[in-house]
Amino acid sequence: MDLLNDKKLLAMAVIFILLLASILVYAPYAGLLLILALFIFGGFCLFWKEPHIKLAGLGFLLILAIANIGINGMKYGIDFEGGTRIPVLLEKSVDSTTMNDLVQTIKTRVSVLGLTEANVYAVGDSQVYVEIPSSDPNTIQFVENTLSHQGVYWGVVDGHVAITGDDIYSTSINPLPAQELSQEGADWGVSFSVNRHGAEQFAAVANGKADYPVYMYLDRPSDAALFLSKAELEQNMPDDSSEKEVLTALSDGLSLDQGRNITLYVIDSLNGTVPSPKDNGTIALISGNASAQLISELNASGFTVKEFSETDITPTYNRTRAGVLTVETLTAVGLLSAPLLSEGLATGVPNYDFSVSGAVAAGPDHNTIVTQNIKQIESILTGGSLPVSISLGSRTTLPASLGQEFLQLSLIAIVISLLAISVLIGFRYRNIRATLPIVAISISELIILLSILGSFTIDLAAMAGIIAAIGVGVDAQIVITDELLKEDGEETDEKMAHAFDIIKTNVIVATLAMIPLLFSGLVEVIGFAISTILGSLLGYLLSRPAYASIVGMIIKKKEHGK
Amino acid sequence: MDFPNIFKGDYRLLCIPPLLLILISFYFIPHIQMGVDFQGGTLVTLTLKGAVDAPQLKSELASEGLQADVDVVQTTSGYQAEIEVPQSPKLVEADQLKSDFNALVPDVSFLEVESLQNSSNTTQYLAEDAKLQNISDQMFAIAGMSRSDFNITGTIDEQKAFTTAYNKVYSDYATSVSGPIDKYVQYSSMSIQTVSPTLSTEFIGQAISVVIASALLSIVFVFVFFRDPFPAAAVLCGAFSDVTIAMGAMGLFGIQFTLPSFAALLMLIGFSLDTDVLLTMRILKRKGDPREKAYGAMKTGLTMSLTAIVAFITLFVLAILTNIPTYYEISAVALAGLVGDMFATWGIDAVLLLWHVEKLNAAEKEVV
């Protein structure tokens with residue numbers, strides 16, 4: 001047989017190389033790529049009847065699986081790796097969109113701490129698990145503090161706090177209905193109500209300040225100094241403004257009564273002199289890209305330095321209707337938005353119902369931006385980025401040594417299970433040529449399964465599923481062997497067809513029974529469902545055809561021998 | 001592996017053992033213990049520094065007011081204690097109050113704002129606010145607090161106070177569990193799994209929908225596949241008997257009903273249908289003596305069951321060694337089900353099918 005002229009095999013080889021490259025390049029998606037490979041090669045094995053194609057399909061997938069394990073390694077849950085699981089309890093049940101947002105937000109919060117290995121997932125619709133691969137009490141404490149932190153909202157008008165989150169009815173924060181939007185001529189809006197204290201304070205502070213911005217701060221530092229380079233300062237400056245105008249806008253935005261001003265220093269104008277902090281608690285907010293020398297000098301002069309990304313420390317600007325330049329956002333100080341006061345709110349009369357609204361230019365992203373704006377304002381007003389308030393449950397810590405022991409024992413169990421089944425099969429058929437392929441194929445199946453599941457996370461349930469799959473995986477090969485060994489005068493092909501009918505039905509049945517579990521959201525046992533289903537599919541699409549071709553070849557040789 | 005063909009002779013007698021098993025199972029099924037997942041409650045797993053006498057620990061904990069089931073096992077990593085604390089009625093009540101409170105808050109907030117703007121709305125606001133206060137007073141009572149502990153001047157404060165009280169109920173509960181344990185047990189690591197009333201209710205709901213979906217999918221597939229009601233019903237009968245026997249074993253051997261054992265039961269539906277389908281296809285779609293074909297199918301089927309049993313025995317031994325509940329629950333249920341499947345498939349499904357096929361054959365002969 002001339003392998004190079006075999007177009008089918010060549011096609012498979014090309015796909016194999018493409019998949020291998022993708023697994024190398026897109027490591028985070030390796031698991032999905034392997035599943036894709038399973039279906040592609042499985043499809044070939046179903047449609048192309050040549051025995052060597054079927055063997056090649058299994059072979060290629062096996063190599064991909066081994067390569068994936070070798071290059072990307074395996075991921076284990078905290079049960080095997082050791083670590084800490086912190087349950088986050090939600091104040092109320094949420095729908096799946098909110099839950100996804102929540103999980104994403106928590107992931108971002110935790111990964112800010114450098115814990116990229118943290119695993120965050122929903123358990124039901126009112127609980128989230130955060131798993132971190134660490135049992136260090138300080139790290140855990142830090143994560144717990146970060147998670148349970150509830151932000152404080154301040155609306156600042158002209159250097160005075162006009163409103164705080166404490167005066168806002170949390171359940172009154174809602175998107176504006178379409179009717180009111182069209183009345184106001186806005187594209188998006190959020191309404192909220194305040195109590196008497198809030199209404200009176202706002203009326204007093206905002207009196208006569210129509211067209212002033214309401215600086216919406218979340219967790220504004222009360223004792224800080226801001227260090228900006230000239231480039232950062234002017235990056236988003238409108239073309240028609242000057243440096244002086246920008247400086248005024250910033251100093252207006254950062255001013256606050258009772259000595260809570262945030263002082264602005266332009267790094268380029270420091271000329272080598274380093275300012276002293278206001279007191280020993282003053283934080284210096286500065287870009288992480290600033291010179292190491294400056295940072296160490298700030299530290300030396302008594303500041304507590306807090307570094308930010310370029311995006312977070314670069315201010316954005318806006319012009320009021322009267323043409324005054326104001327600062328719109330500056331994440332490093334917690335300034336997230338700065339809507340302008342309407343005239344109706346500046347009359348000095350207490351007002352209980354407020355709304356923040358705005359326009360969005362027409363465009364393909366119109367609706368997305370509208371939704372984003374609504375969400376952003378809602379989350380600022382509720383004092384944090386989480387859509388519901390949360391509390392933390394009792395954490396579970398599993399020492400790494402114990403996890404490793406569990407893993408070792410589980411791997412030993414896999415080997416023992418394989419051995420025991422091989423002995424059983426050998427004993428049943430007393431035919432080494434039928435037994436060896438069964439064992440070899442079971443091992444390949446196992447490696448592929450481990451590789452796919454290891455690309456996601458192998459937890460206890462998945463491991464149990466893998467061990468189970470070894471026992472159930474040989475079933476179809478037993479069906480084939482028994483059919484082929486039967487001496488009832490039928491042709492080999494006919495027998496094979498019978499065997500495949502039975503196997504196909506079995507796989508469909510086994511998959512159908514487990515599929516609802518896969519989509520149930522019962523995370524604790526989803527690993528078990530995945531490994532069981534993948535085990536069946538893998539067997540049906542690849543290892544069983546491969547086995548059938550091996551046994552078929554052996555039998556044909558035997559017949560020729562006769 | 002040669003054994004006599006059990007289907008020769010009066011095969012109908014074969015259904016006696018599985019029917020007996022099913023009867024016994026019906027007795028034990030109500031005795032199945034619900035695990036933490038479905039019943040709610042707290043499961044504390046401790047890695048102990050030394051051996052501890054379980055009954056003694058149980059009474060020590062009880063003397064501190066903590067009623068709990070205590071189990072001490074020796075594993076490869078030393079002694080482990082499992083302390084299972086049932087759901088606290090306080091938590092159930094607190095959760096109920098919280099959901100009532102959350103349902104009422106938006107209205108009361110709205111009315112409060114209305115009454116601030118227009119005093120003619122005040123009566124209605126006060127009426128609704130009284131309801132809300134009534135709910136939070138109940139929560140304060142559970143938390144051992146009172147309204148005077150807070151400075152409440154409106155709905156916003158009310159909400160804050162309510163949340164504080166609710167969190168206190170939960171932290172008191174956690175202390176009531178961990179306090180006595182810390183006092184009497186020397187441990188090197190502790191794992192606490194608390195399933196709140198809300199979560200366990202949700203788990204039950206999800207489990208029920210999963211079972212319904214699985215059962216429907218399987219039933220529809222089997223009927224569509226066989227297109228003949230009798231074998232389809234026989235196959236489902238076999239699967240149903242299998243799951244019944246597995247659940248009976250759960251009641252008998254005290255295997256708790258948890259998410260892992262639930263997953264194992266679902267797997268059994270698939271596995272038991274496997275052998276049933278094998279048998280049905282061999283008997284119905286091949287030529288030859290039905291009893292011989294049933295016997296041939298049984299040889300294949302038993303080999304399949306045996307390999308699965310070997311795998312799950314390994315998992316079971318691993319579970320005993322490591323005391324990992326997930327492993328134990330899955331393997332124990334699977335083993336019970338696999339043994340049950342042998343009886344159910346070859347004692348019930350096979351008998352039904354043979355009886356059906358032989359009656360058909362007899363009818364054909366009469367026509368001829």
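Tutor: Let's start with pairing: two strands pair if DSSP finds at least two bridges between them. Strands themselves are DSSP E runs of at least two residues, and helices are H or I runs of at least four, numbered from the N terminus. This is a predicted model, where local features need pLDDT of at least 70, side-chain atom pairs count only at pLDDT 80 or more, and totals for chains, interfaces and linings use all residues. Residues are numbered from 1 along each chain as written, and chains are lettered from A and ligands numbered from 1 in written order.

Student: What makes strand 1 and strand 4 of chain B a pair?
Tutor: The rule asks for at least two bridges, and these strands have eight, in the antiparallel sense. Within that pairing, B:Thr42 stands opposite B:Thr194 in strand 4 of chain B.

Student: And what makes strand 1 and strand 3 of chain B a pair?
Tutor: Six antiparallel bridges join strand 1 to strand 3 (residues 78-85) of chain B, and B:Thr45 stands opposite B:Glu82 there.

Student: Why is strand 1 of chain B called mostly covered?
Tutor: A residue is buried if 20 or more other C-beta atoms, placed from the backbone, lie within 10 Å of its own, exposed if 12 or fewer, and partly exposed in between. In strand 1 (residues 41-48) of chain B, six of the eight residues are buried. Over the 368 residues of chain B, 48% count as buried.

Student: How do you know that chain B is more spread out than a compact globule?
Tutor: The globule rule is 2.2 Å times the number of residues to the power 0.38, and the radius of gyration is taken over C-alpha atoms. For 368 residues the rule gives 21 Å, but chain B has 29 Å, well over that, so it is more spread out than a compact globule. Its C-alpha trace spans about 95 × 60 × 25 Å along the principal axes.

Student: What makes residues of chain B and chain A count as in contact?
Tutor: Their C-beta atoms, placed from the backbone, must lie within 7 Å. By that test, 71 residues of chain B are in contact with 71 residues of chain A. Helix 10 of chain B gives the largest share of chain B's side, 16 residues.

Student: Which classes make up that side of chain B?
Tutor: It has 40 nonpolar, 28 polar and three charged residues. Here Ala, Val, Leu, Ile, Met, Phe, Trp, Tyr, Cys and Pro count as nonpolar, Asp, Glu, Lys and Arg as charged, and the others, Gly among them, as polar.

Notes. Two residues are in contact if their C-beta atoms, placed from the backbone, lie within 7 Å.
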